[in-house]
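Below is a short note to be read beside the coordinates.

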Amino acid sequence: MTDLFTTADRDRLVLPDGFRWGVATSSHQIEGAVAEGGRSPSVWDTFSHTPGKVVGGQHADVTVDHYHRMEEDVALMADLGVDTYRFSIAWSRLLPDGVGTVNPEGAAFYRRLCETLREAGITPLVALYHWDHPQVLQDRGGWANPEMVEWFAAYAAAAKGTLGDLATDWLTLNEPYCAAFLGHASGIHAPGIADPATAHLAAHHMMLAHHRAVSSLRETAPNADDTVTIALNLIPAWDDEEGPDGPAARAVDMVQNQLFLDAVLEGRYPDEVLAHHRRFGLEDRIDPDDLARVHQPIDYLAINYYNITHVVRRDGAPFPDGFPGADDAVCVDPPAPRTDMGWGVEPEGLAWMLRRVAAAHPELPLIISENGAAFPDEVGEDGGVHDPQRIAYLRDHIAVVVDAIADGVDIRGYHVWSLLDNFEWSLGYGMRFGIVRVDFDSLERTPKDSARWYAAVIDANRDRAMAG
């Protein structure tokens with residue numbers, strides 16, 4: 001262990017007492033068992049089985065089979081020593097019809113998961129939505145249908161009614177930017193729609209649904225310890241020629257970040273976003289006053305961070321895929337080093353974003369709900385998985401959290417993405433984000449060096465807290 005977790009790590013990566021260490025996953029990426037236990041097809045089942053949508057025609061019918069190996073996976077978390085496990089419920093497993101009666105087999109699975117976590121001393125952080133809504137609701141328009149707002153609020157009440165005695169930490173939507181703009185503008189995610197107007201309409205309905213779900217969660221089986229949040233993937237946009245305040249960077253940032261920050265935290269849209277609504281003919285379909293009427297405060301903000309979006313300004317350029325309305329911006333490759341995803345290794349972007357959010361909302365606690373990297377991990381001749389690049393990535397990003405807290409930013413937790421190698425959406429199984437390697441043929445789990453390193457970080461902080 002000493003060759004992985006050094007004295008320098010021990011001295012540098014010091015977090016306050018009570019800081020929560022965790023790992024994160026999502027239902028569609030790990031559960032499998034798509035036709036078992038009463039689960040109905042999700043929008044991602046349909047998308048991944050559509051030819052040409054996922055690399056190699058891959059899908060998540062089995063993925064890493066967490067549905068049948070849940071106890072083994074919780075044991076891996078216990079070995080790491082994590083405080084928190086952030087997972088998502090498959091909406092189509094709990095409510096196969098999208099609305100109505102709770103599926104008893106689905107409820108039993110998630111109750112058993114939460115009970116197993118609590119027995120291991122791990123707190124469940126339950127995400128309601130990580131992009132996999134039931135196909136039966138997509139057949140009725142999905143996020144383009146305003147009824148989806150109340151369908152989601154009812155789903156939130158059903159989930160809280162099912163698990164409210166076992167879970168007090170709730171997360172409404174994970175990365176609504178991706179579901180709205182990758183799913184409805186670029187079309188590279190489910191449901192595979194490529195229409196800027198539909199994307200902005202979906203984003204609006206997601207924001208209304210978030211606030212309605214907050215109300216549902218607080219009103220259903222209320223508990224004094226309940227907390228509610230949302231996870232935003234706050235990815236800085238930096239203009240490689242004009243800096244983060246250049247017009248191209250600001251235009252991308254408006255769609256990626258500021259739209260969701262203002263909608264969630266202030267119950268309004270920036271003027272630039274309202275201009276996008278007018279441009280794409282949505283004045284009669286989006287009433288910003290609706291957002292103000294349903295607005296609910298959250299208990300803290302969950303931030304997902306991986307990289308920086310690098311852009312340059314080119315007058316007359318059409319808006320990039322995934323950023324409808326950000327004209328004159330062109331996305332460019334980041335500098336090396338890069339992860340397997342082609343993303344830059346840029347902890348400075350996390351530092352910049354944490355301070356930006358804290359400056360705008362100084363009273364709002366934060367957690368890092370996803371952070372990690374994909375690298376080409378292989379089992380070595382000694383049977384181990386040696387991933388020094390991932391260790392370096394995690395070390396540098398946790399150090400950013402340490403420094404931000406020292407500067408007064410209220411950060412209360414950190415979650416590695418991901419516990420397990422899994423189905424990486426439209427990229428299939430080629431991208432390995434896990435700190436535990438999964439053999440996708442045998443499904444054998446092998447903790448990587450990064451898992452042992454992360455466990456050592458947690459142990460060192462826990463030992464320091466116990467020593468007083």
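1. Burial is used throughout, so the cut-offs come first: a residue is buried under 20% relative accessible area, exposed over 50%, and partly exposed in between. Trp343, with a relative accessible area of 25%, is therefore partly exposed. The model is a predicted one.

2. The barrel. Eight strands close it, in the order β1-β2-β3-β4-β5-β7-β10-β11, with parallel pairing. On average, and with direction ignored, neighbouring strands of this sheet are turned by 25° against each other. One of the pairings joins β7 (residues 301–304) to β10 (residues 366–370) in the parallel sense, over four bridges. Within it, Ile303 has Ile368 in β10 as its bridge partner. Helix α10 (residues 196–219) packs on the sheet and touches β3 (123–129), β4 (169–174) and β5 (227–233). The direction of α10 makes about 165° with that of β4.

3. Nonpolar cores. The largest core has 157 residues, and Leu301 and Tyr454 touch the most other members. Neighbours within four places in sequence left aside, the contacts of Tyr454 are Trp21, Gly22, Val23, Val82, Ile398, Tyr414, Val416 and Ile435. There is also a second, separate core of seven residues, among them Ala127, Leu171, Tyr300 and Ile367.

4. Aromatic pairs. The count comes to 29. In one of them, Trp238 and Trp352, the ring centres are 6.1 Å apart and the planes stand at 85°; planes over 60 degrees apart count as edge-to-face, so this pair does. Trp238 belongs to strand β6 (residues 237–239) and Trp352 to helix α14 (residues 347–360), so the pair ties together parts that are 114 residues apart in sequence. Trp352 is partly exposed, at a relative accessible area of 29%.

5. A tilted pair. Tyr306 and Trp343 have ring centres 5.5 Å apart and planes at 50°, so the geometry is classed as tilted. Tyr306 sits in the loop between β7 and β8 (309–313), and Trp343 in the loop between β9 (329–331) and α14; the two are 37 residues apart. Tyr306 is buried at 8% relative accessibility, whereas Trp343 is the partly exposed residue of point 1. Elsewhere, one aromatic cluster is formed by Trp44, Phe47, Trp131, Phe423, Trp425, Tyr429 and Phe440.

6. Salt bridges. The whole structure holds 34. Asp45 and Arg39 meet at 2.8 Å, N to O; Asp45 is buried at 8% relative accessibility and Arg39 is buried at 9%. Arg69 and Asp65 form another, with 3.5 Å between the closest N and O atoms. Here Arg69 is partly exposed, at 24% relative accessibility, while Asp65 is buried, at 12%.

7. How far apart are the closest N and O atoms of Lys448 and Asp421? The distance in this salt bridge is 2.9 Å. Lys448 lies in the loop between β13 (445–447) and α16 (449–467), and Asp421 in the loop between β11 (411–417) and β12 (436–438), so the pair ties together parts that are 27 residues apart in sequence. Lys448 has 0% relative accessibility and counts as buried; Asp421 is likewise buried, with a relative accessible area of 0%. Both residues belong to a network of salt bridges that also links Asp377, Asp387, Arg390 and Arg432.

Methods:
Residues numbered from 1 in each chain as written. Predicted model: local features only at pLDDT ≥ 70, side-chain atom pairs only at ≥ 80, totals over all residues. Heavy atoms only, no water. Pairing = 2+ DSSP bridges. Axes fitted to C-alpha atoms, helices over the stretch in contact; angles between N-to-C directions. Contact = heavy atoms within 4.5 Å. Core = buried A, V, L, I, M, F, W, Y, C linked by side-chain atoms within 4.5 Å. Buried < 20%, exposed > 50% of the residue type's maximum accessible area, 1.4 Å probe, protein only. Phe/Tyr/Trp six-rings, centres within 6.5 Å; stacked < 30°, edge-to-face > 60°. Salt bridge = Lys/Arg side-chain N within 4 Å of Asp/Glu carboxyl O.
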